[in-house]
Amino acid sequence: MLTDDIFVIKSDGSRERFSFEKLERSLRHAGASEALAKEVSVHVQNEAVGNMSTYDIYRHAFEVLRKQSHQTATRYSLRRALLALGPTGFPFERFIGEILKRRGYQVLIGQIIRGHCAEHEVDVVAWNAQKLVMAEAKFHHELGYKSDLKVALYVKARFDDLQKGVYSFGGRKKLDEGWLITNTKFTERAISYSECAGVHLLGWNYPRTENLHHLIEETGLHPITSLTSLSEKEKQLLLAQGIVLCDNIRTETDKIRSLGFSKEVLERAISESNILC
């Protein structure tokens, strides 16, 4: 089948022509050489059939890539590793908190804060010498889910109430910025409204720079779910214990060993963490 004739089903259920050039770009962005990106693309192209899901394309590319470069395969899987931080949104909130810490903020997670008119459960509170930030973290299990206008309106109303309060975080008196953070994307209407209303958005590929993908790469803080040497059950056990970072495998070995992880499993995970993180 000619590649121009291959249509795939996206995570939101829509159907589109698949671009192998885009696949190669994403592979190169994950660290694959030009030759390796082409090799994986050609292999996937030879196996592709019409109406495959984009997940099937990804999974096939990942398996081929993993045989050639384990580190590149792990980086390529980053976006889906964020989806695996569930089933609750708390590990995602902790992960965001760790990124902000690495960027120089002091951070608290899951705070109940009194605004002018009501109390609010704030997912992430972060502050430094320059500003105080409060963030709503919206975690989604599927790539096709987007934070929409209703979410942006709800968040804006909460932050308007919080901005009328007085706080002592870092000696600051007023809330400087309200953020809406998601592990996936925003709808165009949510973006348009938020840009107008002053809600700071942070998603996988928004804004164009300083987005979530860029921040993860900049800080080097990959989620524990990026590790391919651990089973899904093992990853969920670690998340339940508050272990969300890839490099926690190296820094919290005693705790992890106490959870029943064998020496062999732990050594494989540490080896992979040394490469990735």
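User: What volume does the largest pocket have?
Analyst: The model is predicted, so local features need pLDDT of at least 70 and side-chain atom pairs pLDDT 80 or more, while totals for chains, interfaces and linings use all residues. Residues are numbered from 1 along each chain as its sequence is written, and side-chain values use heavy atoms, without hydrogens and water. A pocket is an open set of points on a 1 Å grid over the protein atoms alone where a 1.4 Å probe fits, with protein on both sides within 12 Å along at least five of seven lines. With volume taken as the space filled by probe spheres set on the points, the largest pocket has about 1200 Å³.

User: Which helix gives the largest share of the lining of the largest pocket?
Analyst: Lining residues have an atom within 4 Å of a point, and there are 31 of them, with K22, S26, R79, K185 and W204 nearest the centre. Elements supplying at least two include strand 2 (15-17), helix 3 (54-68) and helix 9 (212-219); helices (H or I, at least four residues) and strands (E, at least two) are DSSP runs numbered from the N terminus. The largest share, 5 residues, comes from helix 1.

User: Which strands stand at the edges of the sheet?
Analyst: The open sheet has 5 strands in the order 4-5-6-8-10, with mixed pairing, where a pair needs at least two DSSP bridges. Two of its strands have a single partner each, so one side of each is left without a neighbour: strand 4 (106-114) and strand 10 (200-202).
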